[in-house]
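Subject: Structure handover

Hello,

Please find the structure below, with its sequence. My notes on it come after.

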Amino acid sequence: MAGDGPAAVAAEAVAGTPVPPALSETIVAASLSCPTLNPSRLAAQIMMASGFNIGDSRGVAGLNDDDWKLWRPAKNANRADSEANIYALAHHTCDTVGRLRAAGLTGDLWALAMAADKSGFTAVTKAKGIPDAARVHVNRLGAYARWYADQQPFRIDARATQASPSAPIPVPAAYVAPIRKAGSICPAVTPPLVAAQLMAASKFDANLRSPEGNQGIAQFSPELWSQYRATASASVWNPNDAIPALGMAMCDLGAQLTDLNGAEPYRLALAAFQWGDMTVRAAGGVPRANVPQLADTAPRYVSAYEKDTRLGGGPAKPGSSPTPASPSPTPTPTGGSPDAVPPAGDGSQGQGPSTTSPSPAVAPPATVSGLRVGQKYKLLNDRTNSVAELPEWDADKSVGAHVQLWLKRDQADQYWTVTAAPAAGYIVFVNAFSGHALGLESGGTWNGAKILQVKLNPSDPSQQWYLQAAGGGKWYVRNHATGKTLDILGDDLGPVSDGTWNGKWVEQWDIIPGQRDQLWSFIP
């Protein structure tokens, strides 16, 4: 016989195993998967499944093989990965809640979902409540949930005290230059802000590894580091690599979150650096949890570092160095393109297409999307009047280097040779200096995925591009794998401190009509 409807779970609290600190933030973030779930409920589920035993053969969430395969966050997710298990459990629970709601059930849908896990979905819908066979199980879960709701880090108490911040440590001399560089990438991220974040995250300890797996002086997570490192050879343990990457990450995260509830973008960027941007969006701001919040601790140090005169003055220019005294030879084009739109001169060395004529003995190459196959072009951004190039003044040939903007110069790394892709109508851009292709970071399906130079593989859809006319001689450059178009990181934040867009990264985004930073033209 079934119980008396979808009643709430038992009111008494039963003590469970304390949540391991390394899993606290994951539980908070995963619990945002749906409104019915919360951290204490998810913690109770894990307690019942494994007692937080990360060595459990089924994983810390105790999912059966079928549910694990269905809800694991990625096909290559490791069953022993506690974070992956927790997200899988949250998604499984939210799916069950959604199915119960669709079946017309009301009341405490989390309790009903727990009953469905115990007795089966059909038994719950047939009983229109918690079956007797599942009642002890559900009540026990509720008792654990009540206990976890009153424990750190899940107790939500407006009067919860924050630990007093440590006294700010003076910026070590060796880190002044990279902090100034990181603080010159966009106006919203200044050197004192960067210094304050480093103090809050690591106290300038370049060898710090946190229990959560964050690394180095900036405390990058492995996922964020793979996204924002400047080159494939950059090391998260090297402050000269990690600190400028932090500046780029904070500029990017702040730009992505400017539309979120009118909150201060830099504080949201701090939260996103700690929790992930999707978690911040799901929470509608800084997630509510009684854990040290980077968004609260870092701002406390800013005023101290604003007094450090070493961090003021003219900021170091990021990315490339000024034009060298002996620039690379100007590539010799094979002929003009009828679709190229030469821009107005900007005072730099490159002023438009070369007038060199092709050899009359060579037949003109075929065209794809209006561009000549075998022709070298500069990719000129309409918003910034700057072109896509490789970082460093003598250019970076490493696979994985981020493609950036710079004022037009006649250097080989600013030219991209058009190659026909195997897919009809698509082209591959090959850098004239490095021989690598214009492509997406690995798995980059999202808005904001970075554009890198990647090992040439014309058959790879993430290296294939389609030109969509935007009018006025301008084009959207759309990726075959994602359909998204080339875009400029931090466009809303404006140019860097010297008034140029030098060093700004190129990324992909959904087409937004009227956005000039998504419009490109081609200079042979």
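The notes start with the overall picture and then go through disulfides, one leucine and the aromatic rings.

This is a predicted model, in which local features need pLDDT of at least 70 and side-chain atom pairs count only at pLDDT 80 or more, while totals for chains, interfaces and linings use all residues. Residues are numbered from 1 along each chain as its sequence is written, and side-chain values use heavy atoms, with hydrogens and water left out.

Overall

The protein has 15 helices and 14 strands; these are DSSP runs numbered from the N terminus, with at least four residues for helices (H or I) and at least two for strands (E). Of the 524 residues, 51% are buried (under 20% relative accessible area, with exposed over 50% and partly exposed in between, using a 1.4 Å probe and protein chains only). The accessible surface is about 22,100 Å², and carbon and sulfur atoms account for 53% of that (Shrake-Rupley method, 1.4 Å probe; for residues, only the protein chains shown count as cover). Taking contacts (heavy atoms within 4.5 Å) between residues at least 6 apart in sequence, 64% join residues at least 24 apart.

Disulfides

A disulfide is a covalent bond between the sulfur atoms of two cysteines. The structure holds two of them, where the criterion is a pair of cysteine sulfur atoms within 2.5 Å. With bonded cysteines counted along the chain, the pattern is 1-2, 3-4.

Cys 34 is joined to Cys 94, S to S 2.1 Å. The torsion about their S-S bond is about -80°, so this disulfide is left-handed. Cys 34 sits in the loop between helix H1 (21-30) and helix H2 (39-50), and Cys 94 in helix H4 (residues 82-102), so the pair links distant parts of the chain, 60 residues apart. Both Cys 34 and Cys 94 are buried.

The other link is between Cys 186 and Cys 251, with sulfur atoms 2.0 Å apart. It is left-handed, with -95° about the S-S bond. Cys 186 is in the loop between helix H8 (173-182) and helix H9 (191-202), while Cys 251 is in helix H11 (residues 239-256), 65 residues away. Cys 186 is buried at a relative accessible area of 2%, and Cys 251 is buried at 1%.

Leu 193

Leu 193 belongs to helix H9 and is buried, with a relative accessible area of 17%. Leaving out residues up to four places away in sequence, Leu 193 touches Ala 188, Tyr 266 and Val 302. Between Leu 193 and Tyr 305 there are 112 residues of sequence separation but 7.9 Å in space, C-alpha to C-alpha.

Aromatic rings

Rings of Phe, Tyr and Trp (its six-membered ring) pair if their centres lie within 6.5 Å; planes under 30 degrees apart are stacked, over 60 edge-to-face, and the rest tilted. The count is nine aromatic pairs. One of them is Trp 147 with Tyr 148, edge-to-face at 5.0 Å centre to centre and 75° between the planes. Ring pairs also bring Phe 52 into a cluster with Trp 147 and Tyr 148. Phe 429 and Phe 522 are stacked, 6.2 Å centre to centre with 10° between the planes. Phe 429 lies in strand E7 (residues 427-431) and Phe 522 in strand E14 (residues 520-523), so the pair ties together parts 93 residues apart in sequence. Phe 429 is buried at 0% and Phe 522 at 1%.

Regards
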